[in-house]
Amino acid sequence: MLLADLSFCPLLELSNQGVWGMSKPRIAIVTGGGSGLGRALCFELSLEGHFVVVTDLDLESARQVVAELEEVNGQGEALELDVSSQEQVEHVVHDVVRRHGRLDYMFNNAGFAIAGDTIEMTSDQWRKIIAVNLEGVIWGTMAAYRIMAKQRFGHIVNTASCAGLSPLPLSTPYSMTKHAVVGLTRSMRPEADWHGVKLSVACPGFIATKLFDNGVGLGKMSFKTTTALGLRLAISPERAAKLMMIGVRRNLAIIAFPLHGKAMYWIQCSAHWFGQILAKKAVTDFHRKREQAEQDSVAKDTNHGRDGLP
């Protein structure tokens with residue numbers, strides 16, 4: 001069954017107020033939930049009373065997270081998911097809604113990183129990082145969006161990075177995909193609001209996760225060596241998840257954190273604002289100079305004509 005056919009969900013006929021007023025827990029899907037920030041988000045969502053669908057390429061790690069949630073009276077289930085597969089993403093989202101009757105949160109969090117001199121990138125590495133970091137977010141966003149638009153409620157939260165707000169040399173492929181995620185989310189947000197759906201993009205700074213151990217280093221340089229400065233600035237996944245959820249609850253368009261992440265966001269905003277001022281001034285000055293030149297030309301022609309009179 002295609003996701004566009006939402007007749008399987010009887011709750012979609014209910015009013016928004018009626019659905020939110022139900023006693024059943026809200027349903028949240030987290031991709032990349034088996035470790036790092038994803039795992040920490042699962043615990044934050046569980047603390048808020050949500051039923052958490054923990055998805056990960058590593059099913060065993062997802063099951064471990066669910067077991068830990070249940071130890072602290074949380075509720076959840078583990079599902080294997082390769083976000084680069086549109087078919088798998090749609091199947092998981094469809095299956096969750098079919099069984100639970102609703103979808104309240106979709107956290108598109110799965111991703112990986114590559115660092116080093118971009119000249120060393122292979123075609124396969126380009127394809128993989130685009131498939132996971134960008135296409136994975138697209139598939140998750142669209143699968144959830146179609147359902148939430150029918151429900152007239154729901155919140156999609158896409159994990160990008162402060163590297164999606166500002167250039168990050170030596171992490172160019174990663175930064176490129178995160179810029180795309182920011183653009184996708186910010187552009188869709190006004191459209192989604194029309195359908196009663198919220199969209200936010202999280203732009204964290206450096207987080208101390210397995211990303212530093214498992215990231216791909218290009219050439220002879222290891223990932224950890226290339227990103228050594230980031231590791232020194234990194235905060236814990238638990239702290240990151242708490243800061244991120246504050247922004248989610250506030251329905252912020254861009255959730256930038258911690259301080260170094262916010263600083264990059266502020267610099268980007270200031271640069272954009274200053275750039276707009278300079279651009280406007282440049283255009284204004286150009287037109288004024290052109291008008292002045294045209295006036296001078298007319299005056300010169302007029303004076304030349306007068307000089308030629310007998």
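Visitor: Hi! Which residue takes a positive phi just after H6?
Guide: That is glycine 196, with a phi of about 80°. Helices (at least four residues) and strands (at least two) are DSSP runs, numbered from the N terminus. This is a predicted model with residues numbered from 1 along each chain, and side-chain values use heavy atoms, without hydrogens and water. Local features need pLDDT of at least 70 and side-chain atom pairs 80 or more, while totals for chains, interfaces and linings use all residues.

Visitor: Okay, how far does H6 reach?
Guide: H6 has 23 residues and spans 34 Å from its first C-alpha to its last, close to the expected 33 Å (1.5 Å times one less than the number of residues).

Visitor: And where does H6 bend?
Guide: At methionine 188, by about 35°. The bend is the angle between axes fitted to the seven residues ending there and the seven starting there. Proline 190 follows within four residues.

Visitor: Which residues of H6 are buried?
Guide: Among them are Tyr174, Val181, Val182 and Met188. Buried means under 20% relative accessible area, exposed over 50%, and partly exposed in between, with a 1.4 Å probe and protein chains only. The cover over the buried residues of H6 includes E5, H5, strand E6 (155-159) and strand E7 (198-204).

Visitor: Tell me about H5, then. How many residues does H5 have?
Guide: H5 runs over residues 123-151, which is 29 residues. Its ends are 40 Å apart, first C-alpha to last, close to the 42 Å expected. H5 has a kink of about 40° centred on glutamate 135, and arginine 152, with a positive phi near 70°, follows the helix.

Visitor: What is isoleucine 156 in contact with?
Guide: Leaving aside neighbours within four places in sequence, isoleucine 156 has contacts (heavy atoms within 4.5 Å) that include Thr141, Ala144, Tyr145, Met148 and Leu199.

Visitor: Is glutamate 44 buried or exposed?
Guide: Glutamate 44 is buried, at 13%, while lysine 242 is partly exposed, at 39%.

Visitor: Which residues are linked in a network of salt bridges?
Guide: Glu77, Asp95, Arg98 and Arg99. Within that group, arginine 99 meets aspartate 95 at 2.9 Å, N to O. Both lie in helix H4 (residues 86-100), four residues apart, about one turn of the helix.

Visitor: Last one: over which residues is the pLDDT below 50?
Guide: The protein averages a pLDDT of 85 (the predictor's confidence in each residue, from 0 to 100), and 80% of the residues score at least 70. The stretch below 50 is residues 1-22, which has 33 contacts in the model beyond near neighbours in sequence. Where pLDDT is low, the predicted coordinates should not be read in detail.

Methods: A salt bridge is a side-chain nitrogen of Lys or Arg within 4 Å of a carboxyl oxygen of Asp or Glu.
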